[in-house]
Amino acid sequence: IPGTSAPSAHQMSSKQPLPTLSGARTRVRKRNIVVPFNPAEFTGALDAMILEANQNLDELSTIISANTELDFKRYAEFFYDIFITGRTGACTGRAKADALPDAFSLLGCPEEQLPAFVAFLEKVTRRRPYLLKAAAEAYVKVIEALDVLPASLLPRLAVVTVLLTQAGILSPGIPKVDFFLTKLASTARLVDNGIAATFFTRVLKEYASGTSPERCIAALLRPLGLLSPQHMMNFLPGKLRTPEGLESYLAEQGLDWLVPVVHEQRLASMRASAVASLREKIAEYDEQIATAESAAEDDDINFREILDGLRAQLSAQFSAVQEANSLSKADTVSIAWEAIVSSMRFGGARGSHAADASRTVRRWGRALVPLCQMDARSQAALMLRLQDTCYRDPRLLNSFALIVQELYEVDALYEEIILAWAARAETSGRTGASVFVKQLAEFLHWLETAEEESED
């Protein structure tokens with residue numbers, strides 16, 4: 001441009017400042033600031049709070065609740081190591097074999113102070129709910145340290161575990177975290193050396209003595225499925241891992257109230273398996289009968305012989321179940337009856353249900369005779385099982401009298417047993433008794449009349 005000088009090389013190479021708006025605030029970009037992991041600083045701050053509160057737990061909970069600076073979420077395991085396991089390192093996964101718990105903790109305090117420590121932890125976790133998941137995670141590490149901690153601490157640890165569970169601080173409902181009993185049963189070295197079984201039974205005894213056996217079952221065992229003998233045996237070393245070994249071990253540990261419960265669960269499991277197996281056999285025999293019926297129309301086949309042979313085979317199956325499981329005849333006949341009932345096929349019409357049930361009983365009722373013949377206890381068990389199944393299943397509710405008569409006809413039930421059942425039914429308290437006595441009234445009258453005529 002005429003009259004102007006050309007820009008120098010320095011001016012051309014230098015950057016011109018960007019225009020700015022006067023009065024505008026510049027925003028500084030936030031950066032990810034990494035805070036170093038410093039548990040010593042956290043525990044030191046907690047120690048200062050304990051000192052400030054003069055070890056008064058009520059005052060300490062107030063101080064902790066007001067604190068907004070400490071990162072309890074990040075250092076939760078160290079918090080629990082101080083107040084639960086007394087700085088032994090068990091909650092942090094760094095347990096020491098010779099560690100003795102600090103006196104200002106659940107594991108180390110005098111017994112009379114235990115409720116105060118539990119109440120303190122309840123208050124803290126109520127204000128910081130995320131600490132409940134952290135408690136479950138920390139206690140998994142405690143369980144893993146059972147064979148590291150001094151054996152003398154385990155009885156107190158069982159008491160502490162029960163108190164924390166009853167307070168809801170340890171709960172089986174925490175998602176994505178193993179409950180301490182689940183972890184105990186799955187830690188192979190603790191199972192193999194017997195520590196798992198010992199600690200498990202100690203926890204059960206403490207829980208039951210503090211509340212009741214029923215509460216222990218409802219709150220601790222049933223939610224985890226531990227009433228199943230198969231699951232409970234996971235706590236035992238290999239040499240004891242049988243149903244009989246489990247029941248014997250529980251009795252030796254003073255858990256006599258649990259033995260019949262486990263035994264009944266074992267029978268229920270075995271009963272379900274036996275019923276399913278027998279039901280499959282009956283279905284197989286039903287198919288053979290259907291084939292024989294259609295073949296008998298064209299060929300010279302003795303259908304009665306085939307049916308009697310299948311009844312004999314089913315009766316042999318009943319006996320095999322009895323022998324394999326060391327059952328009484330009364331228990332076996334109950335299982336056999338359940339299998340027969342579960343094999344019944346009902347049509348769509350509601351009025352045909354009684355006929356459908358009668359057809360099945362007429363076909364397979366004779367297979368029960370070897371179990372019931374000359375055995376009053378087995379017949380009484382059959383009557384009671386029949387009463388229960390007819391009352392529970394609406395399709396069988398109106399079939400009770402008809403089924404009793406069918407079983408009477410084949411000598412699976414004797415008249416003395418039927419009359420004795422009727423005499424006691426009204427006062428037995430069992431469901432359906434009065435309904436079925438009325439339903440059976442005409443047949444009962446016939447039996448009583450026949451008995452009087454026979455005496456005359």
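The expected span of a helix is 1.5 Å times one less than its number of residues. The model described here is predicted. Its secondary structure comes to 23 helices and zero strands.

**The chain as a whole**

- The chain has 456 residues, and buried residues make up 43% of them.
- The accessible surface comes to about 25100 Å², and carbon and sulfur atoms account for 51% of that area.
- Among contacts between residues at least 6 apart in sequence, 65% join residues at least 24 apart.

**Helix α19**

- Helix α19 covers residues 376–392, which is 17 residues.
- From its first C-alpha to its last, helix α19 reaches 24 Å, close to the 24 Å expected at 1.5 Å a residue.
- At the N-terminal end, aspartate 375 caps α19, with a side-chain oxygen 3.2 Å from the backbone nitrogen of arginine 377.
- The buried residues of α19 include Ala381, Leu382, Met383, Leu386 and Cys390, and Arg385, Gln387 and Asp388 are also among them.
- These buried residues pack against α16 (329–342), α18 (369–372), α20 (400–409), α21 (415–428) and α22 (433–439).

**Nonpolar cores**

- The largest nonpolar core holds 81 residues, of which Leu60, Phe79, Tyr80, Phe83, Leu121 and Leu184 touch the most other members.
- Helix α10 (residues 195–210) gives the most to this core, with nine residues.
- A second, separate core has 60 residues, including Leu310, Trp364, Leu386 and Leu396.

**Aromatic residues**

- Across the whole structure, a search finds 20 aromatic pairs.
- The rings of phenylalanine 79 and phenylalanine 83 have centres 5.0 Å apart and planes at 55°, so this pair is tilted.
- Phenylalanine 79 and phenylalanine 83 are four residues apart in helix α4, so about one helical turn separates them.
- An α-helix has 3.6 residues a turn, so residues three or four places apart point the same way.
- Both phenylalanine 79 and phenylalanine 83 are buried.
- Not counting residues up to four places away in sequence, phenylalanine 79 touches Phe42, Leu46, Ile64, Phe72, Phe120, Leu121 and Val124.
- One aromatic cluster includes Phe37, Phe42, Phe72, Phe79, Phe83 and Phe120 among its members.

**Proline 101**

- Proline 101 is placed in the loop between α4 (76–83) and α5 (114–127).
- Its relative accessible area is 18%, so proline 101 counts as buried, the cut-off being under 20%.
- Proline 101 and phenylalanine 83 are 18 residues apart along the chain, and their C-alpha atoms are separated by 9.8 Å.
- Leaving out residues up to four places away in sequence, proline 101 touches Thr85, Gly86, Thr88, Leu107, Gly108 and Leu153.

**Glutamate 122**

- Glutamate 122 lies in helix α5.
- Its relative accessibility is 27%, so glutamate 122 counts as partly exposed.
- Although glutamate 122 and serine 61 are 61 residues apart along the chain, their C-alpha atoms are separated by 9.6 Å.
- Apart from neighbours within four places in sequence, glutamate 122 is in contact with Ala167 and Ile169.

**Helix α13**

- In helix α13 (residues 243–252), the buried residues are Gly245, Leu246, Glu247, Tyr249 and Leu250.
- Glycine 254 follows α13 and has a positive phi, near 85°.

Note on methods:
Residues numbered from 1 in each chain as written. Predicted model: local features only at pLDDT ≥ 70, side-chain atom pairs only at ≥ 80, totals over all residues. Heavy atoms only, no water. Helix = DSSP H or I, 4+ residues; strand = E, 2+ residues; numbered from the N terminus. Buried < 20%, exposed > 50% of the residue type's maximum accessible area, 1.4 Å probe, protein only. Contact = heavy atoms within 4.5 Å. Areas by Shrake-Rupley, 256 points an atom, 1.4 Å probe, with all protein chains shown as cover. Polar contact = N/O pair within 3.5 Å; in protein donor to acceptor, adjacent residues only side chain to side chain. Core = buried A, V, L, I, M, F, W, Y, C linked by side-chain atoms within 4.5 Å. Phe/Tyr/Trp six-rings, centres within 6.5 Å; stacked < 30°, edge-to-face > 60°.
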